[in-house]
Amino acid sequence: MELGLVGLGKMGGNMRERIRRAGHTVIGYDRNPDVADVHSLKKLVDSLKGPRVVWVMVPAGAATQSTIDELGELLSPGDIVVDGGNSRWTDDEKHAVELGLKDIGFVDCGVSGGVWGLENGYALMYGGDAENVAKVQPIFDALKPEGDFGAVHAGKVGSGHFSKMVHNGIEYAMMQAYAEGWELLEKVNSVTDVREVFRSWQEGTVIRSWLLDLAVNALDDDEHLDKLKGFAQDSGEGRWTVEAAIDNAVPLPAITASLFARFASRQDDSPQMKMIAALRNQFGGHAVESK
């Protein structure tokens with residue numbers, strides 16, 4: 001099938017390549033002309049045959065809103081917009097109503113995979129009407145990892161991004177646990193090779209995971225993380241997870257504490273946050289701050 005893809009950054013550019021490898025046609029637009037196939041949203045829409053599917057991969061908030069607003073003026077009844085960025089699920093509900101007034105379908109899709117997704121595939125969580133999801137299914141199949149798992153129709157519009165938000169909240173807490181354990185091991189005199197302790201956990205233990213593998217990668221690059229500043233940003237989804245927990249009276253002590261620990265990292269050069277920063281760089285290519 002044909003797909004229009006808006007936003008060709010670290011994620012979007014690799015997604016374009018993976019979809020093309022599966023045999024589909026992708027026409028990409030980005031504000032950076034060096035990576036774009038066409039140089040305006042209008043040219044992108046005009047290049048696609050109807051019914052069109054346009055996938056948006058731009059930053060959440062104002063950038064996504066303006067893109068969807070413009071697409072709403074350019075697309076035709078029966079076309080579909082997919083928001084694959086990190087939008088808040090409440091925005092999805094708003095966008096579905098706005099586009100629905102013009103008979104344009106809407107699907108939200110949480111995407112996980114970072115810089116590794118091109119080769120390994122992307123975990124996908126999507127929400128929307130079954131009819132609209134079915135029209136996008138060949139693209140979901142191209143992006144997902146091989147095997148039976150890695151993609152799910154989570155439910156109604158907004159459920160994809162809500163599921164991805166909770167996924168990221170869990171990720172916050174897991175990274176925090178590894179970071180705290182690493183700092184304690186580094187602190188005591190009796191443990192002389194913390195990196196190899198972490199490496200030993202990669203087999204035969206209940207805490208083995210891809211995040212643990214990435215922690216070992218980071219320690220191989222910088223054994224004591226001396227090159228990093230203990231500072232970690234948050235993408236916003238951790239905050240939304242905690243807010244949703246409050247709204248639904250669901251206790252999230254581990255996830256909440258991990259979010260607050262990131263806030264603390266901006267006040268002190270925290271050893272734990274060196275590991276958090278290293279892990280975010282390993283799995284997502286997120287920027288790190290050097291001393």
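These legends walk through several close-up views of a predicted model.

**View 1. Helix α12 and its surroundings.**
Let us start with helix α12, which covers residues 271–284. The helix has 14 residues and reaches 20 Å from its first C-alpha to its last, close to the 20 Å expected at 1.5 Å a residue.

Just after α12 comes glycine 285, which takes a positive phi of about 70 degrees.

**View 2. Leucine 225, a buried loop residue.**
Where is leucine 225 placed? You will find leucine 225 in the loop between α9 and α10 (237–247). Leucine 225 has a relative accessibility of 1%, so it counts as buried. Setting aside neighbours within four places in sequence, leucine 225 is in contact with Trp182, Ala218, Leu219, Lys274, Met275 and Ala278. For a sense of scale, the C-alpha atoms of leucine 225 and glycine 61 are separated by 34 Å, and the two residues are 164 residues apart along the chain.

**View 3. The largest nonpolar core.**
In soluble globular proteins, nonpolar side chains tend to be buried together. The largest nonpolar core of this model has 24 residues. Which of them touch the most other members? They are Trp182, Phe198, Leu225, Met275 and Leu279. Helices α7, α8, α9 and α12 each supply at least two residues of this core. The largest share, seven residues, comes from α9. Phenylalanine 198 touches Tyr178, Trp182, Leu185, Leu212, Ala215, Val216, Leu219 and Met275, not counting residues up to four places away in sequence. A second, separate core has 22 residues, including Leu5, Met15, Tyr122 and Tyr126.

**View 4. Aspartate 92, buried without a salt bridge.**
Aspartate 92 is found in helix α4. Aspartate 92 is buried yet has no salt bridge. How far away is the nearest side chain of opposite charge? That side chain belongs to arginine 88, and it is 9.4 Å away. The aspartate 92 side chain does make a polar contact, at 2.7 Å, with the side chain of histidine 161. Leaving out residues up to four places away in sequence, aspartate 92 touches Asp83, Ser87, Phe106, Asp108, Val157, Gly158 and His161.

Side chains of opposite charge can pair when their charged atoms come close. The model has a count of 18 salt bridges. In one of them, the side chains of arginine 21 and glutamate 17 meet, with 3.1 Å from N to O. Both residues lie in helix α1 (residues 10–21), four residues apart, about one turn of the helix. Arginine 21 is partly exposed, with a relative accessible area of 49%, and glutamate 17 is partly exposed at 32%.

Lysine 102 forms a salt bridge with glutamate 73, and the closest N and O atoms are 2.7 Å apart. Lysine 102 sits in the loop between α4 (89–100) and β5 (105–112), while glutamate 73 belongs to helix α3 (residues 62–74). The pair, 29 residues apart, links distant parts of the chain. Lysine 102 counts as partly exposed at 34% relative accessibility, whereas glutamate 73 is exposed, with a relative accessible area of 61%.

The side chains of aspartate 220 and arginine 195 meet in a salt bridge, with 3.9 Å from N to O. Aspartate 220 lies in helix α9 (residues 210–221) and arginine 195 in helix α8 (residues 194–200), 25 residues apart. Aspartate 220 has 36% relative accessibility and counts as partly exposed.

Note on methods
Residues are numbered from 1 along each chain as its sequence is written. This is a predicted model: local features need pLDDT of at least 70, side-chain atom pairs count only at pLDDT 80 or more; totals for chains, interfaces and linings use all residues. Side-chain values use heavy atoms; hydrogens and water are left out. A salt bridge is a side-chain nitrogen of Lys or Arg within 4 Å of a carboxyl oxygen of Asp or Glu. Buried means under 20% relative accessible area, exposed over 50%, partly exposed in between (1.4 Å probe, protein chains only). Contact means heavy atoms within 4.5 Å. The expected span of a helix is 1.5 Å times one less than its number of residues. Lys and Arg count as positive and Asp and Glu as negative; His and the chain ends are not counted. A polar contact is a pair of N or O atoms within 3.5 Å; within protein, one must be able to donate a hydrogen and the other to accept it, and residues adjacent in sequence count only if both atoms are side-chain atoms. A nonpolar core is a set of buried Ala, Val, Leu, Ile, Met, Phe, Trp, Tyr and Cys residues joined through side-chain atoms within 4.5 Å.
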